Amino acid sequence: MSGPQREQVPVTARALAWERRRRALAGFWREYARNRAGLFGLVGLSVFVVLAVAAPLFVDPGELSVTGAPGRAHQPPSLAYPLGTDTFGRSVLDLVVWGARISLTVGFLATAMSVALGTLIGIVAGHFGGWTSAVLMRVTDWFLVLPPLVLAVALAAVMTRSTLTIIIAIGVTVWPATARLVRAQTLAVEARPYIERAWALGAGHAHVMRRHVLPNVMPVVLAQTTLLVATSIIAESTLAFLGLGDPSTISWGGILQDARNAGAVSSGIWWYMVPPGLAIALVALSFTLCGRALEGVLNPKLRERR
Amino acid sequence: MTAPAHSEAPAGHGAGSGEQREGIVRGLRYIGAKLLTAAVSLFAVMVTSFFLFRILPGDPVRSMTQGREVTVEQEQELRRQFGLDQPLWQQFLDYCAGLFRFDLGVSYQYRIPVAELIGERIGPTVLLAGTGTLIAALLGLVLGTRAGWRRGSATDRVNTGVALLLWSVPSFWLGLLLIVVLASGAGWVPGLFPTGGMMTPGTTGLLDVALDVAHHLVLPVATMVAVVYAQYLMIMRSSLLDEMGADYLTTARAKGLRDALVLRRHAVPNALLPTVTLIFLNLGQVVGGVILVETVFAWPGLGSLFYSGLTVPDLPLVQALFVLFASAVILMNLLADLVYPLLDPRVRT
């Protein structure tokens, strides 16, 4: 049905809607591109994502196992090993490139989990109000007050050591901020007249929440999400560093933990320690810059402040 | 930000003692609500910690007796000693009763009461966290004010940039780098600071000990400050920017006040209020920072104790520290809630 209609350019409602969306997107991009830090973040982010996805093309997973290591231990940077080798003789550059896969995966999945949880709780609390809201927000505040690292560490410690555990531990800790934000936004959206129109036309709770509130809450959530990925990636490396990660996977925090255990700190083997930390910092910074740029575009009041 | 009309509506000629009494009742109700919330939060922490650590994988008795020959009777005896043979509800009641008597059980790995261990270790943590938070707050407030007041200037861009960068750096990695650069002494460079611990063994004399501890304190505090101050800077900056457009600043300028005075006497006091609350709200992150910094620098405080408890796992120890960390943050938040109306008359509604 949509096929033939879209052929005859802007006459149908749907085509008009698409045209409007396309223009809105272009305007959005123009706004975003004006923020140089945001562009820098976007570039950094793309580089790391491409690197993580393409890692198998230039890293041989066999050489990343402790037994299949190609070099000798603790070699300083050379042509063969641009960033030197670790305790087992593995190339540190390869390790860092491969580590991007786990760090980014955990960052994205933990964020997805916490955003889904936060959005659901925020919308339900904002939509129903009253007792539902009071109870949900009390729980949210309680989570907000708990020291996030302590809670994540406790959760990671009581579950089995796996990447899924880390994702859950981070996801459960970081959702409250999103929930508060979404609730506030929901209240603002529901005060608008078009919601009343929807009620008058016989819409139910589910319809109002899904079709009217959710799409209007999403932009704010998007900016928050980008910022949360940075938090999640740092949290992942922290948990791995504390020895709570999956010992069989390679992650940036895990490499740092190995480096510390191998005495890289006291013997000054900087090439073992600097690259993974730098990678964490760059990725986190990229996401933060993107998130702030998005916030600036989506929330003009904030933009005045930046 | 103006006082809502309805609360002052019945004023007029019948004001005086009636309104005053109403104010006191409202104040008491506010305090009561905050106390109740904190009490509920504390209870929730107690319950959570109890059940969370009961589902730990691995048998605590096994990990205690690891590497030693033990008979079944000895295992039974250990189980009885630590109360692990009781039904769950009995264990929970004993645990609650114990918390109120500061009887937090016996550490599996150190074999001494947890309360005693915490008593030994709490001093260094308070010293580290206190010094770090104080310096970070001062630095964040001062730099945030300067950045916000001259928005878009070079000062602002540099300060915001550095803050964002430091916020993105994992604190433990920053600590490791500081050790490598300033403490380990790579090659011919001498180590300027100790690599870890709180004092050199064998130091005596009050002044010498104080100086030695201060020397050991430099790098851990620097790491903590670097990670924490960025948030305070950003909060203070945006809080000041919120005040920038306010009419009272225009009035102050119109009076002919110098720029510095407008900032110091008018803008900063108002911008400071929300920032101070947020500093209290963010104390949870300070706790996280303390755990990492103490672990990296082998600082003999609660954070490194928590870390050592995790690896065993030492159930009573980790559980007690979980409760302690969470309660400390809840109580500090309660304090902020109670003090805030005294500082800011605008929220006394």
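Me: Accessible areas here come from the Shrake-Rupley method with a 1.4 Å probe. With that in hand, what does the accessible surface of chain A come to?

Reply: Keep in mind that this is a predicted model. Of the accessible surface of chain A, 65% belongs to carbon and sulfur atoms.

Me: What percentage of the contacts in chain A between residues at least 6 apart in sequence join residues at least 24 apart?

Reply: Chain A has 306 residues, and 49% of them are buried. Now take its contacts between residues at least 6 apart in sequence; the share that joins residues at least 24 apart is 69%.

Me: Can we zoom in on one spot? Which residues does Ala55(A) touch, leaving out those up to four places away in sequence?

Reply: Ala55(A) sits in helix α3 of chain A, which covers residues 36-58. Its relative accessible area is 0%, so Ala55(A) is buried. Asp94(A) lies 39 residues away from Ala55(A) in sequence, yet 8.6 Å away in space, C-alpha to C-alpha. Leaving out residues up to four places away in sequence, Ala55(A) touches Val97(A), Trp98(A) and Arg101(A).

Me: Which helix of chain A is largely enclosed by the rest of the structure?

Reply: Look at residues 148-158, where ten of the eleven residues are buried. Among the buried ones are Leu149(A), Val150(A), Leu151(A) and Ala152(A). Because ten of its eleven residues are buried, the helix counts as largely enclosed by the rest of the structure, and its name is α6 of chain A.

Me: Now for the two chains together. How much area do chain A and chain B bury between them?

Reply: The contact takes 40 residues from chain A and 47 residues from chain B. Of the area buried between the two chains, 77% is on carbon and sulfur atoms. The total is about 3900 Å².

Me: Which element gives the largest share of the side of chain A that touches chain B?

Reply: The elements of chain A that give two or more residues to that side are α5 (130-145), α6, α9 (205-241), α10 (252-261) and α11 (270-298). The largest share is eleven residues, and it comes from α11(A).

Me: Let's turn to charges. Which residue meets Glu19(A) in a salt bridge, with 3.5 Å from N to O?

Reply: Both partners lie in helix α2 of chain A (residues 13-33), three residues apart, about one turn of the helix. An α-helix has 3.6 residues a turn, so residues three or four places apart point the same way. Glu19(A) is partly exposed because its relative accessible area is 30%. At 52% its partner counts as exposed, and that partner is Arg22(A).

Me: Which residue pairs with Lys34(B) in a salt bridge?

Reply: The N to O distance in this pair is 3.9 Å. Lys34(B) is in helix α2 of chain B and its partner in helix α14 (residues 315-343) of chain B, so the pair ties together parts 303 residues apart in sequence. At 26% relative accessibility Lys34(B) is partly exposed. The partner is partly exposed too, also with 26%, and its name is Asp337(B).

Me: Last one: is Leu28(B) buried or exposed?

Reply: Leu28(B) belongs to helix α2 (residues 17-54) of chain B. With Ile24(B), Tyr30(B), Ile31(B) and Leu35(B), it forms a nonpolar patch on the surface, about 450 Å² of accessible area together. Since exposed means over 50% relative accessible area, Leu28(B), at 55%, counts as exposed.

Technical notes
Residues numbered from 1 in each chain as written. Chains lettered and ligands numbered in written order. Predicted model: local features only at pLDDT ≥ 70, side-chain atom pairs only at ≥ 80, totals over all residues. Heavy atoms only, no water. Patch = residues over 30% accessible without salt bridge, like charges linked within 9 Å, V, L, I, M, F, W, Y side chains within 5 Å. Salt bridge = Lys/Arg side-chain N within 4 Å of Asp/Glu carboxyl O. Helix = DSSP H or I, 4+ residues; strand = E, 2+ residues; numbered from the N terminus. Buried < 20%, exposed > 50% of the residue type's maximum accessible area, 1.4 Å probe, protein only. Contact = heavy atoms within 4.5 Å. Buried area = accessible area lost by both parts, 1.4 Å probe.
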